[in-house]
Amino acid sequence: MDLDAKLRSGVVIPAHPLALDADGAVDLPAQRALTRYYLAAGADGIAVGVHTTQFELHHDRGLLAEVWRLAAREAAAADGERVLVAGVTGDIREAVAEAELARDLGYHAVLLCPWGMAEVSEPALLERARAVGDVLPTIGFYLQESVGGRHLGREYWRALFDLPSVVAVKTAPFDRYRTGDVVQTLLEHDRWADVAVVTGNDDAIVHDLLTPYRREVGGRQREVRATGGLLGQWAVGTRAAVSLLARVREAAAMGVASFDLLAEASALVEVNAAVFDVANGFAGCVPGVNEVLRQQGLIATARCLGPDVLTPGQAGLIALVRRRYPGLLDEEFVAAHAAQWLE
């Protein structure tokens, strides 16, 4: 696989959830069903071991390997090449060991998640990125502060883009200024055409995909835009996400953004507000993704390995947006195929 070209061409990569049964154990048939859903929906890849997969999974390396292996096996059995992204956590030793495991299981790249680090400083993040990059291509990650990220300055991004192992960056600070820091820095960098930008801003998906950043450098015009996404929101409504990206590509090629796309952007933000529990500072974002899938019959519970739970009224809000925006959440598609995926 030409990973660089694939990422730059535009990708829909759901952040894969973790399915638990009523006793809190990993439900492997449901886990497999989720992967089958994403592949059937036309996703270009899957990201496993990331925030939506629940970082607590990394406490059990054996279980993490089982979950990674299951997703890789299903992807290998499907038609077409899929990008397999492994979320790695911890300090250098842990992150490198996880990257080596992911490489051996057939993963193509790692997302550099800050969870589990003793010191989440810019120098520590860069040192870890260099070490992990010796194992697999890496995707930089600007994670929002409310779920464990930190502010990262333009000097950090400039230094990260200096690393030849960095093939993409996921912008997910949920902040237009900080997203701009990343993309504006990339525009100025010599590797501006080599590093793909994928949005992780679940509150601004359509805007990120439509918005070009332009700069004249050395007398030549440069343009960078998010060519795809690696998103928790795309763990639900994945088929709709594939359709959305196709329409955005068409709009970008024509140089015209339709009002229909902008209307869909506002609808998607409303869906995301319910799923990610914006009213409570994103406290229920991971169980919220699981709750959509539970209501749709793909998994048994919305449980998490850690303390995260649905907040009061969140399940009702999710049911409401499912009724209001069935197309954005693949209601008919999932209902028609869930039994088959669970076999």
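Tutor: A residue counts as partly exposed when its relative accessible area lies between the buried limit, under 20%, and the exposed limit, over 50%. This cut-off will be applied to a predicted model.

Student: Is Leu317 buried, exposed or partly exposed?

Tutor: Leu317 belongs to helix 12, residues 314-324. Its relative accessible area is 44%. Buried means under 20% and exposed means over 50%, so Leu317 is partly exposed.

Student: What distance separates the C-alpha atoms of Leu317 and Asp277?

Tutor: Leu317 and Asp277 stand 40 residues apart along the chain. The separation of their C-alpha atoms is 9.2 Å.

Student: In what order do the 8 strands of the open sheet lie, and which are the edge strands?

Tutor: The pairing in the sheet is parallel, and the order is 1-10-7-6-5-4-3-2. From one strand to the next, the twist averages 25 degrees. Pairing on one side only marks the edge strands, strand 1 (12-14) and strand 2 (45-48).

Student: Which residue of strand 7 is the bridge partner of Thr171?

Tutor: Strand 6 (residues 166-172) and strand 7 (residues 196-199) run parallel and are joined by 4 bridges. The partner of Thr171 in strand 7 is Thr199.

Student: Which residues of strand 7 are buried on each side?

Tutor: In a regular strand, side chains alternate between the two faces of the sheet. In strand 7 both faces are covered. The buried residues are Ala196 and Val198 on one side, and on the other Val197 and Thr199.

Student: Which strands does helix 5 touch, and what angle does its direction make with that of strand 4?

Tutor: Helix 5 (residues 122-133) packs on the sheet. It touches strand 3 (83-88), strand 4 (109-112) and strand 5 (138-143). With the direction of strand 4, the direction of helix 5 makes about 170 degrees.

Student: How are helix 2 and helix 3 oriented relative to each other, and what is the handedness of their crossing?

Tutor: Helix 2 (residues 28-40) and helix 3 (residues 61-77) pack at about 40 degrees, with axes 10 Å apart. Roughly parallel requires an angle under 35 degrees and roughly perpendicular one of 65 to 115, so the two helices are oblique. Their crossing is right-handed.

Student: How many nonpolar, polar and charged residues does the contact of helix 2 with helix 3 have?

Tutor: Helix 2 contributes residues including Leu28, Arg32 and Leu39, and helix 3 contributes others, among them Val67, Leu70 and Glu74. By class, the contact has 6 nonpolar, 2 polar and 4 charged residues.

Notes
Residues are numbered from 1 along each chain as its sequence is written. This is a predicted model: local features need pLDDT of at least 70, side-chain atom pairs count only at pLDDT 80 or more; totals for chains, interfaces and linings use all residues. Side-chain values use heavy atoms; hydrogens and water are left out. Axes are lines fitted to C-alpha atoms, for helices over the stretch in contact, and angles run from 0 to 180 degrees between N-to-C directions. Angles under 35 degrees count as roughly parallel, over 145 as roughly antiparallel, 65 to 115 as roughly perpendicular and the rest as oblique. A crossing is left-handed if the near helix is turned anticlockwise from the far one by less than a right angle, and right-handed if clockwise. Contact means heavy atoms within 4.5 Å. Ala, Val, Leu, Ile, Met, Phe, Trp, Tyr, Cys and Pro count as nonpolar, Asp, Glu, Lys and Arg as charged, and the others, Gly among them, as polar. Two strands pair if DSSP finds at least two bridges between them. Buried means under 20% relative accessible area, exposed over 50%, partly exposed in between (1.4 Å probe, protein chains only).
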